[in-house]
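Open the model in your viewer and keep the selection tool at hand. Each stop below says what to select and what is there.

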Amino acid sequence: MNKYTEAFLKEMPKSDLHLHLDGSLRIPTLIEMAKSNNIKMPSYTEEGLRDQVFKSSYANLGEYLHGFQYTCAALRDLENIERACYELAIDNQKENVNYIEVRFAPQLMMDASAGLTMETVMEAAYKGFEKAKKEYNNSTEVKNGSKPEFHYGIISCAMRKFGPKGYSPYYTNFYKMMEFSKEMEVIREAALQMVKAAVKIRDEKGIPIVSIDLAGQEDGYPPGKFKDIYAYAHKNFMHKTVHAGEAYGAESIFQAITECYADRIGHGYYLFDEGKITDEKVTDKKKYLSDLITFVADKRTTIEVCLTSNLQTNPGIGDIKNHNFKHMLANRMSLTLCTDNRLVSNTNVTQEFKLAVDNFDIPVKHLKDIVAYGFKKSFYPGEYIEKRNWAKNVMKHFDEVAKKHDVAI
Ligand SMILES: [Zn+2]
């Protein structure tokens, strides 16, 4: 196996393109927020929360998702959103993550009666990220060129499932307003409102909302049901990523690409599993998968791989060596390593790289490709030429760090 030191993995420039705000709060911050906003939690100590809620392994997806009710409640507050975004950027900068794309479903936080609208929520997030970005980019090390700049983008998620109660004040009201419509009509309409607002806020306020995403229960709510929403984003020059193939078969990835114009795929875990295909129209499963893998690889549709999170939400994988990451590597797909949720998955980007290089054979050239995809396939919110120069600069820095740590390229 490869012998990259943890010091090298920490110092090399990195990105995180799949990072949920509500799954990535600092525990002490969450405790403070819960206390000041009277949010009921099973414990108010770091130890207690790690023991009962934010564990290192989970029995199933349900247990994994349990903690989000507390973080989402804490984020129904503009000051808290700003603080969480600021701290998240700082935590990433500390481990030399030079680019983050942070995603969240604004409608989970929205509550018009408390002044939380799509606009105010996005503005609060923007304030937090901008503050951290400016501080970092004004530092001596960035100014004298010894470290590359930090940038970020925001990904606005639509929830693929929500019900009349218990999701958020916004969703509860939305359901009430559409009481004569079917569940899927309500869900799609809410998603459409989200994407229209995202485009408007991006265009009018200059807030870098770079992409939309679909989050939440995948099984029963495949991407194809949201194709109109993705078409709207597509026609408004907004990038697209979709959680697909995480808890539902390869058909979900197929729909994300063919119906939702996905530039990137979140997880894409079941791209290699014949047994997970349930679509009866697929008669030759082997050929279907082979064609799909070739298509994804050839188009360089990037897979946002979240190793720790996959092991936690899908305990059936068992050993990390069984993870489909080995097939993704062997097929030379466009890959990027991501955390998914720094708090809930109890991880960071350095740790995800460590897990990858400790368990899979990744020569330095391939490692460098993976790092590079995190910048090249990012939805960087600026002009292409600017992005290109920045990505080049980051990769030049990668070479310097490699040299310093005696990693031969
Ligand atoms: Zn995710």
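Start with the sheet. Eight strands form an open sheet in the order β1-β2-β3-β4-β5-β6-β7-β8, with parallel pairing. Strands pair when DSSP finds at least two bridges between them. The strands (E, at least two residues) and the helices (H or I, at least four) are DSSP runs, numbered from the N terminus. In general, strands of a sheet pair through backbone hydrogen bonds, either parallel or antiparallel.

This is a predicted model: local features need pLDDT of at least 70, side-chain atom pairs count only at pLDDT 80 or more, and totals for chains, interfaces and linings use all residues. Residues are numbered from 1 along each chain as its sequence is written.

Now select the edges of the sheet, β1 (14-20) and β8 (335-337). Each has a single partner strand, so one side of each is left without a neighbour in the sheet. Neighbouring strands here are turned by 25 degrees against each other on average, direction ignored.

β1 and β2 pair in the parallel sense over five bridges. Pick S15: it stands opposite Y99 in β2.

Move to β4 (residues 209-215). Seven of its seven residues are buried, so β4 is largely enclosed by the rest of the structure. Strand β3 (residues 151-159) pairs with β4 in the parallel sense over six bridges. Select C157, whose bridge partner in β4 is D213. With strand β5 (residues 239-244), β4 pairs in the parallel sense over two bridges. There, I212 stands opposite K240 in β5.

Show helix α11 (residues 183-205). α11 lies across β3 and β4, running at about 170 degrees to β4. R188, A191, L192, V195 and K196 of α11 meet D228, I229, Y232 and A233 of α12.

Last stop: helix α18 (residues 364-376) and helix α19 (residues 384-404). They pack at an angle of about 155 degrees, with their axes 10 Å apart. That makes α18 roughly antiparallel to α19, the term for angles over 145 degrees. Select K368, V371, A372, F375 and K376 in α18, which meet A391, V394, M395 and F398 in α19.

Terms used. Axes are lines fitted to C-alpha atoms, for helices over the stretch in contact, and angles run from 0 to 180 degrees between N-to-C directions. Angles under 35 degrees count as roughly parallel, over 145 as roughly antiparallel, 65 to 115 as roughly perpendicular and the rest as oblique. Two residues are in contact if their C-beta atoms, placed from the backbone, lie within 7 Å. A residue is buried if 20 or more other C-beta atoms lie within 10 Å of its own, exposed if 12 or fewer, and partly exposed in between; C-beta atoms are placed from the backbone.
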